[in-house]
Amino acid sequence: MTQAEIKLCSLLLKEHFGEIVEKIGVHLIRTGSQPLRVIAHDTGTSLDQVKKALCVLIQHNLVIYQVHKRGVVEYEAQCSRVLRMLRYPRYIYTTKTLYSDTGELIVEELLLNGKMTMSAVVKKVADRLTETMEDGKTMDYAEVSNTFVRLADTHFVQRCPLVPTIENSDLGPPPPAPTLVVNEKDMYLVPKLSLIGKGKRRRSSDEDAAGEPRAKRPKHTTDNKEPIPDDGIYWQANLERFHQHFRDQAIVSAVANRMDQTSSEIVRTMLRMSEITTPSSAPFTQPLSSNEIFRSLPVGYNISKQVLDQYLTLLADDPLEFVGKSGDSGGGMYVINLHKALASLATATLESVVQERFGSRCARIFRLVLQKKHLEQKQVEDFAMIPAKEAKDMLYKMLSENFISLQEIPKTPDHAPSRTFYLYTVNVLSAARMLLHRCYKSIANLIERRQFETKENKRLLEKSQRVEAIIASMQATGAEEAQLQEIEEMITAPERQQLETLKRNVNKLDASEIQVDETIFLLESYIESTMKRQ
C-alpha cells in the first residue's frame, strides 16, 4: 500500500462519510486487521463511535471482519474497494445509458446505501421518479421492478452474502460474529414479489404528516405486508460486472479506431455473447463459431455470411491479435484474447504519456525499444535516425522517469564497463505500476484542489443557495416577475461572474478526475490480468 493510495483513500472516505469514519478507515488501511478495542485505543476514539464507523464501513463493503480461533473478531479495510468510490459516477452513467433513468436510480441508491432489499429500492426509486414527473403522473412499482430484474439477469446487481439458517437453529452459544455465506446458485435470483402501487410525492406525504397525529403514521408501514417475502435478502451493485463492461467498451473502441465500425460491431457481438459465460478474470472468451456470430449480429446489420468470414479472417490476422482462431468447426471458431487486448491498451496509454511529456521524438524511441525488446544506444540512434547527442539525452530522460530500464549483460565476471553490453528495454508491467502510482497522486491533487476552490467560495455558494431557495418558494406561491427580479439582484454582477468561474473550474476538475480514472482502470486491469497469468 503506497502513500499516494492511502492519501487518496483518506480523501474519499472523508468526502463521503466524514472525519470519524475516515480516521477509523485510514487507521485500518495503515495497520492491517485489528480488534475493536485496539482500534478504539489507537485512534483515541470512543468505543461507541468506532462501532458506528465500522457499521458504516461494513455496510458499504469497505471493511471485512474475521473471527479468529481465540474468539476475537478482527476488522480489515479493503483499500481497493475504497478506491472504487472514484468510479461511482461512471457506474451510474453506464446504467443510465443501458437501462435509462430507472436503472440509473436503482444503481445510485445501491451505491449510496451499500446494501438494500429489492422492495426498499423499488419504492425509493418509484418515489424519486414520481417527484420528477408532471402533476398527475406517477411511476408504477412494477415498471421499476422489471428494470431491477433486468439488472439482475445481466449481473449488474447481485445478492449480498447471508447468514446461513443452520446457525440460527443451533442451540449452542451464538458465535462472536456471524459467518456470511455466498450461494453462487442464488446470487442473481430475484425473489418473487407482488409489488403493487405507485410512487408518492414528498409534498403530499409532508402534508399528511402535518394533518394527522404522528402515532398514526407507522401503521401504514406495519399494515403493508409487501416486504415480508423479501426480508433479509439484500442486494448490492456488482462492480466486477461493471468493470467487465468498461473493458469490453475499451476493446470495441480500440478495434473501431484501428479498423472500422463493422469490425468493432463484430467484436462487440462476440463480447456480448460471452459476457455472462466468461469469468471477468479469464484471459480468453469462450470459443464462438462463425455461424453463431452471424446469427447474433444486431437486427438490421446487413452483412452477408461471406463478408463476416472475411472480417473475422482480417481480425485474426491483425498483428495486435485481439481476435484469435481456435478451430475450424462451425465455419471457424474464434475467441477474443482479453489479456493481449488489455496489454495493447496499456502500452498505447504509456506511449501517449511519453509523447505528451517528452515529445514525439521520445515517443518514437520508446516505440522502437518496445518493438525490438532490447537495443544498445548505438542501435537506438541508427534505427530512430536521431543524432547521437539528442538520442542519448532522450534515453537518459526516460530512464530517470522509469519509462525505460537499462539491462547490463557482462562478458566477464568482473562487470568491467568496457566488456559489458548495456541494453535498453521497456518493462511494461513496471512502467504501468509507476504510471498508476502517479495517477493516484494526480487524482488526490485534483480532489484537494476542488475542495480548496469550494472552501474559498463557501460564503458565496451559501448566498446563492439561499437566493435560489427564496425564488423557488416565491414561484410556488405565484409571485410576480418584478418581485423575482428583485430577489435575483441580491447577487451582484461580480458575484455572478465569480460563481460562473467557480462552476467552470469545478467542472474541469471533475472531468479531469473521470479521465484520470479511465487511465487507472486500464492500468489496473492490465496489471491484474498479467499477475494472474504469472
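Trainee: Which residue lies over the face of Phe-246?

Mentor: First, this is a predicted model, where local features need pLDDT of at least 70, side-chain atom pairs count only at pLDDT 80 or more, and totals for chains, interfaces and linings use all residues. Numbering runs from 1 along each chain as its sequence is written, and side-chain values use heavy atoms, with hydrogens and water left out. A charge sits over a ring if NZ of Lys or CZ of Arg is within 6 Å of the ring centre and within 35 degrees of the ring normal. At 4.1 Å from the ring centre of Phe-246, the residue is Arg-90.

Trainee: How many aromatic pairs are there?

Mentor: Rings of Phe, Tyr and Trp (its six-membered ring) pair if their centres lie within 6.5 Å; planes under 30 degrees apart are stacked, over 60 edge-to-face, the rest tilted. By that rule, the count is eight.

Trainee: What is the angle between the planes of Tyr-91 and Phe-246?

Mentor: Their centres sit 5.9 Å apart and the pair counts as stacked. The angle is 5 degrees.

Trainee: And how are Tyr-99 and Phe-156 arranged, stacked or edge-to-face?

Mentor: Their ring centres are 6.1 Å apart, with 75 degrees between the planes. Tyr-99 counts as buried at 10% relative accessibility, and Phe-156 is buried too, at 3%. So, with planes over 60 degrees apart, this pair is edge-to-face.

Note on methods. Buried < 20%, exposed > 50% of the residue type's maximum accessible area, 1.4 Å probe, protein only.
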